[in-house]
Amino acid sequence: MQLNDPTLFRQQAFIQGKWCDAESKKTIDVTNPANAQLLGTVPKMGANETRTAIEAANQALPAWRALTAKERATILRRWFDLMMANQDDLAKLMTLEQGKPLAEAKGEIAYAASFIEWFAEEGKRIYGDTIPGHQADKRLIVIKQPIGVTAAITPWNFPAAMITRKAGPALAAGCTMVLKPASQTPFSALALAELAQRAGIPDGVFNVVTGSASEVGNELTGNPLVRKLSFTGSTEIGRQLMQQCAKDIKKVSLELGGNAPFIVFDDADLDKAVEGALASKFRNAGQTCVCANRLYVQDGVYDAFAKKLQAAVEKLTLGDGLAQGVTTGPLIDEKAVAKVKEHIEDALSKGARIITGGQPHELGGNFFQPTILVDVPASAKVAKEETFGPLAPLFRFKDEADVVAQANDTEFGLAAYFYARDLSRVFRVGEALEYGIVGINTGIISNEVAPFGGIKASGLGREGSKYGIEDYLEIKYMCIGL
Ligand code: ADP
């Protein structure tokens, strides 16, 4: 692997500031989704190693918590600087293990680093309250304290940003962390650990355990030293982890699946809507939890929108993310390809038509053609389930109230998008959509200063923004008698 700094490529787990192998010496293979080549291995750890990491995080907690927020911020700022200084190498590692185009990977590194910078600063603003007393001889004070040892379990679609979105606020608040990254993309996580150590984050404050999801997950959720779990991944696993956390009443933050509607009204700026749909639907080959999953287009602009979107989609270039000019990489694995195929076949059997794509790409492997379906009926699977791939199904609608009802007719509530110019409609629809995030006349909504998170089965808690650090704090009320 050709990196400017080869020592960023780590094939061991990181516990208490040390690089370690599994007790069993077993490893997990990590492959490149663009060509199935073996990139390297990581330790296949289980409950014992996870317990060691949790104990290390617990030992490191008192000293880390005792630093001032400014002292922690200085260290975190160095971590941010190191990420940016090594942006090219981190991006390359990410493209190799995840598949996204290099430009997108570079963008993700900057996005990931921004959470460290932002929360390092936010840590200084963890204000409490004084409350006018309920009795003349009482003084009421509210302070906020770090929750303690935290655990994070992260997915493969954003191998760096989903980690820093959790580690940034946790560490800034004075918590310590044990992270289990996705087994498909552990090298991005391990490179971040290497940089954390160089930045001067003390041993045990940030630990990375690679290995068996269920064994590591069972220990993270079952060990009473862990006070909080933050998870990003599927609703199914999130539900299971929440149940496991119920035993100790651990705090949980969950960023789960979505089923984002993307609505284009007759009064929309169609070119902007196409640009937004392209970004929201096809970024990361459709593998983000805020990707448009269902595109509802009003009758009067349906054909024009479909044509413009088709022209834009046909300009996408598939290939190995490291190659110049590639806009769209492979899907993560065969299972992901199978899901896209299943959604297409189901929609076709119910009367939909393909206007572009629809087939595995000639590059083979995990590459699938960016696809647009028109005349998709409401009964299609894709109306209910997240595809997590490069498939844009276009549904036709006539009436505003009807499309809002359809958009809300899902167990999910993460992101929704709509394009309209009538001001009253903008407020009406924006307020009626049952989602944690609503993009209006834009297809890109994620950044470190805004609260990201879902309602309904899409999760609990918010990441990013001034709200994000609250997920890592406990409120303590002190009642002082005079
Ligand atoms: P995806 O479909 O995006 O892979 P998952 O929810 O399966 O979503 O995976 C997200 C993260 O959860 C990954 O790090 C994965 O290893 C982890 N994971 C999967 N199953 C479990 C489990 N039973 N316990 C703990 N973590 C799990």
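A nonpolar core is a set of buried Ala, Val, Leu, Ile, Met, Phe, Trp, Tyr and Cys residues linked through side-chain atoms within 4.5 Å, where buried means under 20% relative accessible area (1.4 Å probe, protein chains only). The model is predicted, with local features needing pLDDT of at least 70 and side-chain atom pairs pLDDT 80 or more, while totals for chains, interfaces and linings use all residues. Residues are numbered from 1 along each chain as its sequence is written, and side-chain values use heavy atoms, without hydrogens and water.

**View 1. The largest nonpolar core**. This core has 62 residues. W79, M83, L171, I201 and F206 have the most contacts inside it.

**View 2. Surroundings of I201**. Beyond its neighbours within four places in sequence, I201 is in contact (heavy atoms within 4.5 Å) with I75, L76, W79, L171, A196 and F206.

**View 3. Residues around the ligand**. The ligand is surrounded by 16 residues (a heavy atom within 4 Å), and the closest are T154, W156, K180, A213 and S234.

**View 4. N or O atoms at the ligand oxygens**. A backbone N or O atom of T154 lies 2.7 Å from a ligand oxygen atom. For side-chain N or O atoms, the distance to an oxygen atom of the ligand is 3.1 Å at W156 and 2.7 Å at S234.

How values were computed: Buried means under 20% relative accessible area, exposed over 50%, partly exposed in between (1.4 Å probe, protein chains only). A polar contact is a pair of N or O atoms within 3.5 Å; within protein, one must be able to donate a hydrogen and the other to accept it, and residues adjacent in sequence count only if both atoms are side-chain atoms.
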